[in-house]
Amino acid sequence: MEESSPEGVRLGSPTGRAVVAAAVLGSGMTLLDGTVVNVALRTIGEELGADLAELQWISNGYLLSLASTILLGGSLGDRYGRRRLFVVGTAWFALASLMCGLAPSPEVLIAARVLQGVGAGLLTPGSLAMIQGAFVPDDRAPAIGAWSGLGGIAAAIGPFVGGGLIELASWRWIFLINLPLALVAVWIAVRHVPETRDPDPPTRFDVAGSLLTMAALAGLTFGLIQTGTRWAVPALVLGVVAAAGFVLVERREREPMLPLGIFASRTFSAANVMTLLVYAALGAVLFFLVLQLQTVAGYSPLAAGVATLPITVCMLFLAARGGRLAVRIGPRIPMTLGPIVMAAGVLWLLTVDATATYWTTVLPGLTLFGLGLALMVAPLTATVLAAAPVSRAGLASGVNNAVARTGSLLAVAALPPLVGLTGEEYADVLAMDAAYSTAMLVCAGLLGVGGVISWLLIPSRIR
């Protein structure tokens, strides 16, 4: 496939549809795996004999390596070609998924999940950067809206798919299902997606910055999960020192992996702070809700997955329209109202307990949550990319995706011990119920703060 022409492709053209299809399939797999595992954690724990810390690492090992490599993936895509890195990352992700599906122990599964996250870190920024680089400017926001909506559906149906596969087959199929999806995504990309890259890429790689990013996230995550043990404080200190070292290195590096000047844009910085808070809440809500439904409310894995369908429906029918709405009225109002509506949904979900009925608790709570998510997600992504130069599309996408995954990573690592959920207490009804209520209040607060930040710092119009 030849490189795209300077003017780019149109959304309604065959090439335009192929770009969106490949991007959605690739990034959709990573989003699906970010949520599908949650509903399987209890079953995996029982079959492999894993405790809560190991279950957290099965979730966080993936998020950790994804967040650690996603900036590097964005930079590599800008340099060597976004389609090329997308294809490499998708193939890597598929092979790691096969390892996950065959894992005989928690330790092997955690290692495979880490490798899976590396593949996701390569393909995720490429999927969005392919859209930003391939389409004509007027079609980028609608294309991003379609990508956001369809990709959001992948994340939302994760619990449903996971529950069905566990009930009808085995938890191992939540990973093995990625193989045919990856094959189709690679075929479409190679056959139909034009190659794009940064016309003025850096001449060398920032190895020190990459290593310090990984050390910072690993230290913080390990320290939060191991709260109360002798390893917690040293790990947290390592994470903080590595984070500070990363900032110093990036300031001095001639060609840094993350040019700090990109944060000089108030819009870019505010959108990423808002992303951190909202996706921290999103990750924690999905993590705690599926455990609450199974442990306290007595749902089967399949029933817990089916229960989350309102999010899927909202994303399917409204996410792309949220992108078009932002084009007409600007991003500030959707990015403010979206998190606030999500917070209202989370507060409604506080009523989920052993006596609650689906129709009066789970359904209305998740519907509100899904409406807010559909309103917010496309304007947020479009705002981040619009605030950065087109030549840095891969980097901007990588930064925002890294921030989103880091938010989920730290929330899933920090909240369980902070709300009193450790060891094997996730299987205890009383302990789980008490921890769930506290966690939902924290998530509602994070979403509320995200809405306030958007109102104060996101402009009403972005050129």
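1. Pro 256 touches Asp 206 and Glu 250, leaving out residues up to four places away in sequence; contact here means heavy atoms within 4.5 Å. Pro 256 sits in the loop between helix 10 (232-252) and helix 11 (266-295). Helices (H or I, at least four residues) are DSSP runs, numbered from the N terminus. Ser 210 is 46 residues from Pro 256 in sequence, and their C-alpha atoms are 9.7 Å apart in space.

2. Is Pro 256 buried or exposed? Pro 256 counts as buried because its relative accessible area is 19%, and buried means under 20%, exposed over 50% and partly exposed in between (1.4 Å probe, protein chains only).

3. A word on the basis: this is a predicted model, in which local features need pLDDT of at least 70 and side-chain atom pairs count only at pLDDT 80 or more, while totals for chains, interfaces and linings use all residues. Residues are numbered from 1 along each chain as its sequence is written, and side-chain values use heavy atoms, with hydrogens and water left out.

4. Next, please look at Ser 65, placed in helix 2 (residues 52-80). Ser 65 counts as buried because its relative accessibility is 7%. Apart from neighbours within four places in sequence, Ser 65 is in contact with Arg 113, Val 114, Gly 117 and Val 118.

5. Which backbone oxygen lies 2.6 Å from a polar atom of the Ser 65 side chain? That oxygen belongs to Val 114. The Ser 65 side chain also reaches the backbone oxygen of Tyr 62, at 3.3 Å.

6. Helix 4 (residues 106-134) deserves a look too: its 29 residues reach 41 Å from first C-alpha to last, close to the 42 Å expected at 1.5 Å a residue. The expected span is 1.5 Å times one less than the number of residues. Helix 4 is mostly covered, with 23 of its 29 residues buried.

7. Finally, the surface. Ile 329, Ile 333, Leu 337, Val 452, Trp 455, Leu 456 and Leu 457 form a nonpolar patch with about 620 Å² of accessible area together (Shrake-Rupley method, 1.4 Å probe; for residues, only the protein chains shown count as cover). Such a patch joins nonpolar side chains (Val, Leu, Ile, Met, Phe, Trp, Tyr) within 5 Å, from residues with over 30% relative accessible area and no salt bridge (a side-chain nitrogen of Lys or Arg within 4 Å of a carboxyl oxygen of Asp or Glu).

8. Helix 17 gives the most to the patch, four residues. Trp 455 lies in helix 17 and counts as partly exposed because its relative accessibility is 46%.

Key: Helix = DSSP H or I, 4+ residues; strand = E, 2+ residues; numbered from the N terminus. Polar contact = N/O pair within 3.5 Å; in protein donor to acceptor, adjacent residues only side chain to side chain. Patch = residues over 30% accessible without salt bridge, like charges linked within 9 Å, V, L, I, M, F, W, Y side chains within 5 Å.
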